Structure formats: structure tokens, C-alpha cells
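Please keep the sequence and the model in view while reading.

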Amino acid sequence: MSGNDEAPLTAREASHLFADWKSAPALVLAVSGGPDSLALMWLAARWRKALKRGPALSVVTIDHGLRPEAAREARAVKQFARSLDLPHRTLRWTGDKPASGLPAAAREARYRLLARAASAAGAGYIMTAHTRDDQAETVLMRLSRGSGIAGLAAMARETERQGLMLVRPLLDVPKQRLVATLARAGVEFAIDPSNSDPRFTRPRLRELMPLLAAEGCDSRNLARFAARAARADAALELLVDGAEQFLALQSGGHSLLGYDATAFCALAAEIRIRLLLRVLGRVGREGIPELGKAEALDRAIQTAAAAVFPARRQIKLKQTLAGAVISLTADRLVITPAPPRRGRGGESVSKAPETSSIEGRARRDLSRKSGRMR
Ligand SMILES: Nc1ncnc2c1ncn2[C@@H]1O[C@H](COP(=O)(O)OP(=O)(O)OP(=O)(O)O)[C@@H](O)[C@H]1O
């Protein structure tokens, strides 16, 4: 790709960026009406037109019902899509809007609606216009929250989300190049004022970017850092696979026996914590817990394991986390689903499907690509 961060994207560069999805049957383009996603739509339409055979493209805009101008912007996207011969739908978020955590709730609703539109269009892929600048902001946000390596890897080019693939062909492209692409094509675009609303973290961090860039902490270097963190994360996940297989072999395939406590405690802390996250996500009723909670659990296990107890089978630690019960004896670390919590009317409350112990059940998708920050 051109090293010039201000040059419009060429057709050749775009065809390279989209090449991975050339043989997908259908793609949904998520287009808000902002410059990044309008450029995505324009580039994807030009790419598709140049192909003899390729995916059926359709465009979806979500109206979050938060700004009065949103409906007009969605109509403008529809008009532009029509001029490019692309079918377009607008879906509206009609649910209650929370008083706090609005960006996160809007994002949840957006992806839910996009997934619905993709299923209706028979598309297994949703394409967004995340840029290198978005990647850099994500790294900064996660850094500021003390995220782990998986979180610092930020967004991936492809992410699985509820059975659909979320794909980001422009993740290495600076936003300025998209703006330049639109300017050359003579396309006008809307600016969403919430993108610079100082009530939200991301816009406040965006404000800092020029200052940081002057010190070398620019989007290129932050994105490079994310790529390196992703590489380290992938290597660590392989080590966790190996550790898991090793511990399972040591249990002789007895699914209810859990892990050998000494072997578990001898693993490196990072591997133990990742293993706990995996197992809790698989066994527990409440999904993968926060990294900090798994770290605290690991510390408690290590402290309890070091304590001397007279009886080998005596329980050294018993704790619940993420809808799972963790118990430790001198011999074994066992993680089982917690009994279902009782609701107000006495009915049981369960978030995850019934599972029985550490081993012996299908592995759910627990990767960082599930969109959860670590
Ligand atoms: N209203 C919308 N309708 C359709 N697609 C949208 C809408 N808003 C955002 N998108 C898609 O999501 C991409 C990222 O948007 P933005 O950076 O504003 O979202 P975000 O809240 O930071 O979410 P994310 O967690 O996905 O980064 C856009 O480039 C676009 O492809």
C-alpha cells in the first residue's frame, strides 16, 4: 500500500484489500453516512463492478434514534447506494436508551441489527469501515484501562460474532486516505457530532492524538503495536492449548477429576490465568469473567495451594466466579458449574447452557475475537 497517508486509494489497492472476500456469496456493508463507511461503500462498489463473478453486496444503515438528523443521513446513504446500484436498508434501534453507557449500548444494538440484516440477506459477512485511526484509538482506550495483551491487540481484520464474520478491510488504511478518496470522487459526507462529544471517552482520546503523534505515538505506531500484541496473543493461546492438553492427559481422560493441582500451579502465571478464563467461560453460567477477577482467583489458588493441610483431600479453597464453583484440594483443581441461581419467583436463573466439568464438552468460541476486552 502507498506510504502516502493522504493519497486517495487506487482501484488496485482496493482490490487487494477486498481480495479475501472475493468468493463470499454475499456481503453486508455497514454504512453510517460518515466518511469512512461511505468510502467503504464506494470502493466496494467499484471493486465489485470490476469482477465478473463476486459477492452480492447490500448496504445497511442503522438509525439509533438518538439524533434527529439520523433519518435524513440514512436517506442520503440510500440515495448514494442507489447511484452505485447497491440495495440498501435502514434499520432503527427502537429499544429503551440507557442513561449511562450509551455508546456501548448503541454498539450492541447496532451489531444485533446488522446481524439480523445479514441473516435476512443470506450474508455470512458484515463489512465495517474501521480504519487505522480507529485501531489506534482502541489501543489507547484499552491501554488507559490497563488491558491485557489480548485487549491491546485491539481489533482483528476478521472477527467471529454470533456465527457471523465481522470483517474490516480498511483496518490498515489511514482515515485521511478515505477522505481523499471521497474528495477525488466528488462524494459529500456527513459528520456525526457525537464523534467529537467530550462526554464520551473515545472523542476525548481522539483530541489527544495530535499531541501524542508529535511524540511519535501516532496511528501508524499504535497500529503496529496492536499487530505485535496480536502476534504475541496468538502465541500465548497456542501455549494455553498445549497446557490444556498436558493437564488433560495427566488426568487420564477422567472428565470429572479436574486438573492436577501441582501441575496447574507450576504453569506460568499468564498461562494459568488464560486457562482459568477459558475454563470459566466454558463451564460457568455467566460467560468469561473480567481479566482482573481471573487474576484474583489465580492469586487465591496459588496462596491456598502453598498452605499446608494435614489431609490430602481437604478442601483448601472453594469459591464461585462467573457462575462456576472452583475448588482446590492438595491434589486437584476442579471447576464445575454453580447451581442455578433462584429468581424472585423461585425459578432458576441460568445464563449459559448446562455443562458438567472442566473436560468432556464441546469448546465454545472464547477467543478475544468475541469482542470482549481483556
Ligand atoms: N449507524 C451506523 N449504521 C451502519 N453502520 C455503522 C453505523 N455506525 C457505525 N457503523 C459501522 O461501524 C464502523 C465503526 O464505527 P464507529 O467507529 O463509529 O463505531 P464504534 O462505536 O467505535 O464501534 P466499534 O466498537 O465497532 O469500533 C463504521 O465504519 C461503520 O462501518
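## A first pairing

How many bridges join strand S4 to S6? Three bridges join strand S4 (residues 125-127) to S6, and the two strands run parallel. Within this pairing, isoleucine 126 stands opposite leucine 166 in S6. Strands (E, at least two residues) and helices (H or I, at least four residues) are DSSP runs, numbered from the N terminus, and two strands pair if DSSP finds at least two bridges between them.

## Basis and confidence of the model

The model is predicted: local features need a pLDDT of at least 70, side-chain atom pairs count only at pLDDT 80 or more, and totals for chains, interfaces and linings use all residues. Residues are numbered from 1 along each chain as its sequence is written.

The chain averages a pLDDT of 89 (the predictor's confidence in each residue, from 0 to 100), and 90% of the residues score at least 70. Over residues 350-373, however, the pLDDT is below 50. Beyond near neighbours in sequence, this stretch has 53 contacts in the model, a contact being two residues whose C-beta atoms, placed from the backbone, lie within 7 Å. Where pLDDT is low, the predicted coordinates should not be read in detail. The model scores ipTM 0.93 and pTM 0.87.

## Overall organisation

The chain contains twelve helices and twelve strands. It is divided into domain 1 (11-226) and domain 2 (251-360), with bounds that come from an automatic or database domain assignment. The C-alpha centres of domain 1 and domain 2 lie 38 Å apart.

Of the 374 residues in the chain, 34% are buried. A residue is buried if 20 or more other C-beta atoms lie within 10 Å of its own, exposed if 12 or fewer do, and partly exposed in between, with C-beta atoms placed from the backbone. Among contacts in the chain with a separation of 6 or more, 70% are between residues 24 or more positions apart.

## The S5-S6 hairpin

S6 also pairs with S5, in the antiparallel sense and over four bridges. The bridge partner of glutamate 158 is valine 167 in S6. The hairpin of S5 and S6 has two residues between the strands. Glutamine 162 lies in the loop between S5 and strand S6 (164-167) and has a positive phi of about 45 degrees, although it is not a glycine. Glutamine 162 is exposed because 12 other C-beta atoms lie within 10 Å.

Alanine 154 is found in the loop between helix H6 (149-152) and strand S5 (158-161). Its phi is near 55 degrees, a positive value in a residue other than glycine. Is alanine 154 buried or exposed? Alanine 154 is buried, because 28 other C-beta atoms lie within 10 Å.

## The four-stranded sheet

An open sheet of four strands has the order S7-S10-S9-S8, with antiparallel pairing. Its edge strands are strand S7 (259-260) and S8, each of which pairs on one side only.

Strand S8 (residues 317-321) and strand S9 (residues 324-328) pair over five bridges in the antiparallel sense, and threonine 320 stands opposite valine 325 in S9. S8 and S9 form a hairpin with two residues between them, where alanine 322 in the turn has a positive phi of about 55 degrees. S9 is also joined to strand S10 (residues 332-337) by five bridges, and these strands run antiparallel. In this pairing alanine 324 stands opposite proline 337 in S10.

## Around the ligand

Which residues come nearest to the ligand? Of the 14 residues around the ligand, these are Ala30, Ser32, Ile62, Thr128 and Ala129; a residue is near a molecule if its C-beta atom, placed from the backbone, lies within 6 Å of it. Helix H2 (35-49), strand S2 (56-63) and helix H4 (102-120) are the elements that give two or more residues to this shell. H4 gives the most, with three residues.

By class, the shell around the ligand has five nonpolar, five polar and four charged residues. Ala, Val, Leu, Ile, Met, Phe, Trp, Tyr, Cys and Pro count as nonpolar, Asp, Glu, Lys and Arg as charged, and the others, Gly among them, as polar.

## A residue in helix H7

Alanine 183 lies in helix H7 (residues 175-185). Alanine 183 is partly exposed, because 14 other C-beta atoms lie within 10 Å. Alanine 183 and alanine 234 are 51 residues apart in sequence and 39 Å apart in space, C-alpha to C-alpha.
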